[in-house]
Amino acid sequence: MSEMLGKLAYYMEFPFVRYALIVGVLIALCSSLFGATLVLKRFSFIGDGLAHVAFGAMAIAAVLNFTNEMVVILPITVICAILLLRTGQNTIIKGDAAIAMISVGALGFGYLIMNLFSTSSNLTGDVCSTLFGSTSILTLTTKEVWLSVILSVVVVIFFIVYYNRIFSLTFDENFAKATGMKVELYNLLTAIVIAVIIVLAMNLVGSLLISALVIFPALSAMRIFKSFKSVILFSAGISVICALVGMLISILAGTPVGSTIVAVDVAAFVVCYIIGRARS
Amino acid sequence: MAQIICRDLTLGYDNEVVLKGLNFQVDAGDYLCIVGENGSGKSTLMKTILGLTPPLGGEIRWGDGLNAHTIGYLPQQTVVQRDFPASVQEIVLSGCQNRPGFRVFYKPEDRQKAERNMERMGIADLAKRCYRDLSGGQQQRVLLARALCSAEKVLLLDEPVTGLDPKITLEMYELIQSLNEEGITIIMISHDVDEAVRYADHILHIGKHIFFGPRDEYIRSDVGKYFLMQEGGGEE
């Protein structure tokens, strides 16, 4: 035990490890906030879809040799989020089919573009690290850390200010609209915020595993808790704890960061499921 | 006093006309039931009154200081709601959001209002319970309390007894009637024409034939006679 703590203390002396922990916790917090809404509105796969879009966008950015890839990734992902979450009557393709289509389409195109135009000598390694997250969380610059901190604070403030409206929108969109809420506007804002979270989370777990960060904490909380507020608070808490535990394990055991966090999330879900079962 | 006046209303989606030439008027304190065959446009009419679907023609005029956003609405339950992790209190409170102006949190008077309406619906003791653990009848009472929070004068109910057992259905109807007796205008879509003519004082029948008028006239009219026989006759 003391050997483990010693090893941990040794790693903590490196600034990049501390940065990784800070950003990891923030991303876990933000991604869990909207999890309950997405799961309850039957949009569990939106995270997956948008992450694949972000992957495609990243491929384009890499090929075009942008130094700051965010400039390309963020707008493209935001636009796709708006298109996917627009639940109007005149959408051409509905819900899950649209998500599936855009997500595999972007994934395929992204890889194709990378393959055709990439100048990198280690293409497979690049692709693998974007898909499953990788060392990128350990190579964050101070600037990126601050960017993550600011974006996370914005997301959390947005969530608190609009909490009551988010509840109404999730529970009953028609009622909200009938009683005069500007439903389209709030759906748009939510879509944008979700896209921002997804792009942020790509650094941590990679684009194939993002859904796990979004839905597992919410699903775990919904097993046990009976009010919306407690579901949100618990999912935020458990998401942060799982991310921390996952990152510490990956530091100590040398496992990949993203998949370790997801594994811890899954374990937490199983525990919550059993507790929920035992109670009822 | 006229609260809603519909003149020569044309209903439909995306330029596809469902119903044409609809004229009716709802006065304060009325109990209006909207009946008609499946697919006749009952739900479309309700969405149009609520301002969710724009009318394709004609107009809806509001009186008595009302508009589409100052009426209470009891929608049909959605799949999403059945297993929703929210407390009764949270849901009833969400009816208080249609106040003008931007506010982040609920005010004490919102909470009092929610509490009052929960008591009115006889669900005050369920305030902390989870919505998904309630029975169908209790869930409807929760949604009714929420509708009362968003408006005091007019309630629109979309098939409020769907899926309820006969005893609870009766309770629900009596609850709605007691609200009407308190002076709240009721506009209800019903698929059960027998119950509609029992409780309502006005009937709007839509479909191939349109009828609007007092209940007694409807029972004597050809449309009413035919529909009552066809829909209700088999049960007795």
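How many bridges join strand β8 of chain B to strand β9 of chain B, and do the two run parallel or antiparallel? In this predicted model, strand β8 (residues 202–205) and strand β9 (residues 211–214) of chain B are joined by 4 bridges and run antiparallel. Two strands are said to pair if DSSP finds at least two bridges between them; helices (H or I, at least four residues) and strands (E, at least two) are DSSP runs, numbered from the N terminus. Across this pair, B:L204 stands opposite B:F212 in β9(B). Together β8(B) and β9(B) form a hairpin with 5 residues between them, and B:G207 in the turn shows a positive phi of about 145°.

Residues are numbered from 1 along each chain as its sequence is written, while chains are lettered from A and ligands numbered from 1 in the order in which they are written. As the model is predicted, local features need pLDDT of at least 70 and side-chain atom pairs count only at pLDDT 80 or more, whereas totals for chains, interfaces and linings use all residues.

Chain B also holds an open sheet of 3 strands, in the order β2-β1-β4, with antiparallel pairing. Its edge strands, β2 (16–27) and β4 (57–62), each pair on one side only. Neighbouring strands are turned by 15° against each other on average, direction ignored. Strand β1 (residues 2–13) of chain B pairs with β4(B) over 5 bridges, and B:I4 has B:W62 in β4(B) as its bridge partner. Helix α1 (residues 42–50) of chain B packs on this sheet, touching β1, β2 and β4, and its direction makes about 125° with that of β1(B). Axes are lines fitted to C-alpha atoms, for helices over the stretch in contact, and angles run from 0 to 180 degrees between N-to-C directions. Contact means that the C-beta atoms of two residues, placed from the backbone, lie within 7 Å.

On the scale of domains, whose bounds come from an automatic or database assignment, chain B divides into domain 1 (1–71 + 159–236) and domain 2 (79–150). Their contact takes 7 residues from domain 1 and 4 residues from domain 2.

Finally, 21 residues of chain B are in contact with 25 residues of chain A. On the chain B side, α2 (79–82) and α3 (88–93) each supply at least two residues.
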